[in-house]
Every structure is written in C-alpha cells, then in structure tokens.
Amino acid sequence: MSDTTADRRAAARVVPDRPLEHHLFQARRAGLPHVPAYLRQLWERRQFVHEMARSTLRAQNYTSFFGQLWLVLNPLLLGCVYYVLVDILGTGARQPDYFAKLLAGLFAFNFFSACLGQCAGSVIGSSRLIMNSSFPRLLLPITQIVIAFMRFLPSMVVFLVVHEVEGLPWSWPMLAALPAFVCLALFGAGLGFLTATVQVYFRDFANFLPYVIRIWLFLSPVLWALEDQQARGGNKALLISLNPLSPMLGTWGDALVRGRFAHPGWLVTGGCWGAGAFLVGILVFLWREREFAVRL
Amino acid sequence: MSSLSASETVAAGTGPAAPPPPGAGGTWAVQVRDVHITYRVPRDPRANTLRYRLTRPSGRRDLVREVKALRGVSIEVAHGSVLGVVGANGAGKSTLMRAVAGILPPSSGEIEVHGRISTLLALGVGFNGNLSGRENVVLGGLAAGLSRRQIAKRYQQIADWADLGDFIDMPMKTYSSGMYGRLAFAVSTHMEPDVLLIDEALSAGDAKFKRKSYDKIQELVAQARTIFLVSHAVATIRELCDDCVWLHRGRVMMRGDPEEVTAAYIRFQEVGEDAVVLEDV
C-alpha cells in the first residue's frame with residue numbers, strides 16, 4: 001500500500017468535525033414509517049414537486065405556444081364531442097346553460113381522472129429513480145397531481161370564456177366552487193395514491209382503469225344534473241347519491257354555472273369523502289412504499 | 001443523490017458535540033449488522049397481474065420464489081475509509097449498496113449510517129432523458145433535500161467538473177454514456193456526502209475522467225468522508241481503497257487489505273465456485 005493509503009487509514013479513525021445525519025434502517029418490510037419525520041422530509045422537498053412538474057410539462061412541449069393552445073383546444077373539443085353525443089341521444093329539450101354546465105363538470109372530472117391515471121403510472125414509471133435513490137416516494141404521485149392541476153387550469157379559462165359568452169351570472173356564491181374543488185382534489189389525490197400502490201402489485205391495473213373511469217363519468221353529474229336525477233327516485237337515484245363524486249360535482253356545477261349554493265349538505269358529504277379518501281390513500285401508500293423497491 | 005430514507009427511521013442533525021444516537025459506534029460511519037435481504041420474484045411473469053390472480057385464485061404460495069441476495073452480512077466501516085466491494089455477478093454487491101442507501105429494506109438485521117448518503121449506482125442518475133443536464137442537476141439536488149440556493153451554490157462546481165460544455169443545456173438522452181457518467185459523478189460527489197456509494201460508475205469514462213474521479217475521491221477521503229466502491233476492476237480497487245470486502249452469494253467471503261482480498265478473489269474466480277467462506281476458516 002502507498003503512503004497515501006496509510007495516511008488514509010490513520011484519518012479513518014477520526015470522527016468528522018461536522019454535524020452528521022443519522023439513519024437507522026431496520027427490518028420491517030411493510031408498516032408505517034415515522035409519520036412526522038416523513039412529512040417533514042416531504043415538506044423539505046416541496047420545491048422538487050414544483051420543479052419536476054414544470055420540467056415534465058416543458059419536456060412535453062406544454063410550455064410552448066402550440067402546447068398551451070392544445071391545452072385549451074383539447075377540453076373544448078372534448079366538450080363539443082359530449083355535447084353532440086348528448087344531443088343525439090337526448091330529447092333535445094335542455095336548459096340554456098347546459099353547454100356551460102357540461103364543460104364545468106367535464107373539466108373537473110378530467111382533472112379527477114388525470115389524477116387517477118397519472119398516479120397509477122407514477123411509481124412504476126420511476127423504477128430507475130426508486131432503485132437508485134432514497135426519498136419519500138409519495139413525491140411521485142403528488143407531482144402527477146400537480147401536473148394534472150397545471151393542465152386543468154387552461155381548461156378553466158375556456159370555461160370562463162363560455163360562461164361570459166353565454167351571459168351567465170357572476171355572483172358571490174360562485175366561490176362555493178372552490179371548496180368543492182378542494183374536496184375533489186383531495187378525493188382524487190387519495191384515490192391516486194391508492195392506484196399508484198395497486199399498480200405496483202398488479203401491472204395490468206392501468207389497463208382496467210380507463211373503463212372504470214368511463215363508467216364513473218356516466219354515473220357522475222357531468223352529462224346530467226344531480227337534482228334532476230335525484231328527483232326521479234328509484235335505484236338509480238340511490239346509486240347516484242352513493243357516488244362520492246356526486247356531491248362534489250353537484251356543488252361545483254351549481255356554483256359555477258348557476259351562481260348558487262343551495263345544498264351545503266353536499267359540500268359536507270363531499271368534504272367527508274375527500275378527507276377520508278386522502279387519509280386512507282396516504283396511509284396505504286406509506287404502509288406499502290417500503291416494498292416498492294423490492295417489487296419493481 | 002439521496003440523503004434520507006423514506007422508509008426507515010431517520011434522526012438527523014446529530015454531530016460530534018451532540019449526544020450520540022443509540023448504537024452509535026463513534027468512529028463508525030456505517031454499521032451493517034447481520035443483514036439478510038430476500039427478493040420475492042414471481043415464478044410466472046404474469047403472476048403480478050389482476051387477470052392472473054382472478055383466473056388462478058388458488059395456489060397463491062407458489063406464485064413467488066425467494067431469492068436470498070444477502071445472507072447475514074455484517075461489516076463496520078470507519079469514517080474516512082474507502083471500502084472496495086468485489087464479487088462475482090449476483091454476489092449481492094448492488095443489493096448491499098442499496099441497503100446501505102436505505103433504498104432496499106433489510107428482511108432482517110439493521111443498518112446504521114452516520115452521515116448524509118449520496119449514491120452513484122449502476123443504473124445511473126437522472127430523472128428524465130428529455131430534460132437537460134442542468135434541469136436534472138436541479139431535480140437531483142431538490143430530491144436530495146437541498147434548497148434551490150444550495151443547488152445554485154454548487155451548480156457551477158458541478159458543471160465545471162463535468163465539463164460538458166454546451167451539452168449541459170441539451171436533453172440528457174443526447175448524451176454519450178461517458179458524458180452521462182461524468183455528470184452523475186459530479187452531482188453525487190458535490191452534494192457534500194458523508195457516505196458516498198459508487199456502484200460500477202467509474203468504468204464508463206475515458207482516462208481523463210478516471211484520473212479526475214480518482215482525485216475527487218482522494219479529496220473526499222481527506223475530508224473524512226466514507227466511500228463504498230463496487231467495481232469489477234481490481235486495479236481500481238487496489239489503487240483507491242484502503243479496505244476491501246469480497247461477497248459471494250450474499251455472504252462475506254473475506255475482508256481486509258485490498259491487495260490480499262482481490263488476490264484471493266481472483267484465485268477463487270480461477271478455481272471455481274467450490275470454496276468455503278474464508279472468514280470461517
């Protein structure tokens with residue numbers, strides 16, 4: 001061995017004169033980590049989420065002019081497709097604000113479905129990252145939710161233009177849409193954390209997901225009004241009232257399109273669903289995330 | 001690129017002046033105590049699908065087989081050491097690296113690390129090949145828990161060291177493997193790691209990169225930073241390391257002077273697979 005190596009051996013017995021982090025990795029494949037420490041690490045990396053979302057959108061050309069134009073055109077075209085579909089299938093007798101209501105519900109539902117779909121691929125799609133570095137894995141689905149939100153924002157510009165063009169009222173009760181959206185985001189995030197976890201165990205889960213989402217769309221007050229269906233009664237009305245998205249999207253559409261907040265109970269129910277799903281989603285994800293590196 | 005374990009107990013911020021954490025060995029940077037790691041590998045590639053589970057609900061126990069990657073590994077590494085890790089393919093070297101980094105949870109046993117961990121593992125670094133080197137550096141730093149200000153402070157050093165020129169602003173998918181390796185090495189070594197884990201990452205570069213990376217490793221060691229170096233290049237192990245461990249089928253075969261350990265490892269490779277664990281002799 002050279003002198004340099006001998007010097008190193010002498011230095012090797014010295015404890016560094018700087019503050020040292022301490023990590024203890026114990027045998028426990030599943031189970032919750034120390035939640036306050038985990039949340040602190042998550043919070044310390046909040047800038048990562050923002051930067052990752054921004055960089056991903058930039059890499060997909062969504063920050064260019066045509067990319068942004070597509071973000072506006074896409075939801076508008078989708079709205080037109082569903083409008084034509086409902087027009088053909090329906091009786092033709094609709095309320096004058098139907099198109100605005102359809103757009104509001106569709107844009108919110110698209111955000112929700114993007115949370116589920118993008119989160120499902122978030123862990124599997126980052127297998128290299130997970131196998132090579134240690135960080136709170138919850139950052140991955142959270143980043144996807146932020147990306148879904150960034151894509152959702154331009155669609156709201158489309159809605160506001162349609163709202164103005166159709167001469168719909170602007171009023172204070174419209175602000176009730178904000179808590180309704182928070183409920184929806186919490187619910188979408190909670191289910192997103194669950195889909196991210198399930199996808200690790202069942203790799204074909206993402207193939208089933210679009211069908212589930214499509215059926216969920218038809219069961220939600222997007223193409224139809226919640227009050228109308230509930231007024232009809234029967235099993236269908238019961239099923240619709242059991243749908244967690246019904247109170248959230250019902251409040252959302254009511255507030256944004258008609259400028260009214262007539263059913264505070266819907267918001268309370270939506271809030272319970274949102275908070276419950278968020279909590280369960282986080283706990284399940286944290287409970288299983290230790291196993292992700294072994295499963296990928 | 002990482003400095004925390006998302007999945008394990010972490011208590012940060014203790015130093016020489018602070019009360020020692022439970023089980024702290026004083027001069028030890030890393031203590032691996034009787035660690036076993038077992039992978040559960042599906043026997044049938046389709047076994048981890050919903051369709052498979054739904055159509056074959058019975059016989060669940062036969063779905064996976066267990067691969068014991070580490071079987072009772074115990075090593076202690078002092079601050080300022082450069083530990084070479086040698087072994088044949090499938091010996092458990094990369095698994096050991098990932099376990100020390102807190103990426104893979106042990107099936108049994110425990111690992112204690114005193115200091116910030118930075119990894120430079122076999123599959124490389126980088127979040128998105130569509131993003132530029134600059135963006136990947138920022139993302140890597142943020143994922144490691146650094147603030148934008150801290151990254152900005154280190155960025156110029158990283159860019160200068162990697163010496164990529166205009167390529168630093170081009171998508172990483174346009175990089176050669178050597179350029180990729182240079183940037184990855186620059187990021188992991190400039191994050192001020194206390195424990196740096198390098199897995200087969202020095203082989204991609206040219207002679208100049210190797211010389212620079214050797215010098216950087218010496219510089220880190222002089223600051224009492226600890227390095228784990230996995231390499232099949234015995235000459236690299238002998239030149240850089242002051243300690244060496246040889247793994248075989250998840251067990252420590254030998255530990256000690258790099259010259260002696262690598263010589264025994266080479267002899268073993270020539271002799272065949274029929275050796276006993278030398279620590280037991």
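Two strands pair if DSSP finds at least two bridges between them. Helices (H or I, at least four residues) and strands (E, at least two) are DSSP runs, numbered from the N terminus. The model is predicted, so that local features need pLDDT of at least 70 and side-chain atom pairs pLDDT 80 or more, while totals for chains, interfaces and linings use all residues. Residues are numbered from 1 along each chain as its sequence is written, chains are lettered from A and ligands numbered from 1 in the order written, and side-chain values use heavy atoms, without hydrogens and water.

**Chain B: a hairpin.** Select residues 243-248 and 251-256 of chain B: these are strands S9 and S10, which run antiparallel and are joined by 5 bridges. B:Cys244 of chain B faces B:Gly256 in S10(B). Between the strands of this hairpin lie 2 residues, and B:Arg249 adopts a positive phi near 45°.

**Chain A: helix H9.** Next, select residues 205-219 of chain A, the 15 residues of H9. From first C-alpha to last, H9(A) reaches 21 Å, close to the 21 Å expected at 1.5 Å a residue (the expected span is 1.5 Å times one less than the number of residues). Colour A:Phe205, A:Leu209, A:Ile213, A:Trp216 and A:Leu217, which are buried (under 20% relative accessible area; exposed is over 50%, partly exposed in between; 1.4 Å probe, protein chains only). Seen down the axis of H9(A), the buried residues fall within an arc of 115°, so they line one face of the helix (the arc is that of the directions from the helix axis to the C-beta atoms). On the other side, A:Asn207, A:Tyr211 and A:Ile215 are exposed.

**Chain A: helix H4.** Finally, select A:Trp70 in H4 (residues 65-89) of chain A. A:Trp70 is partly exposed, at a relative accessible area of 42%.
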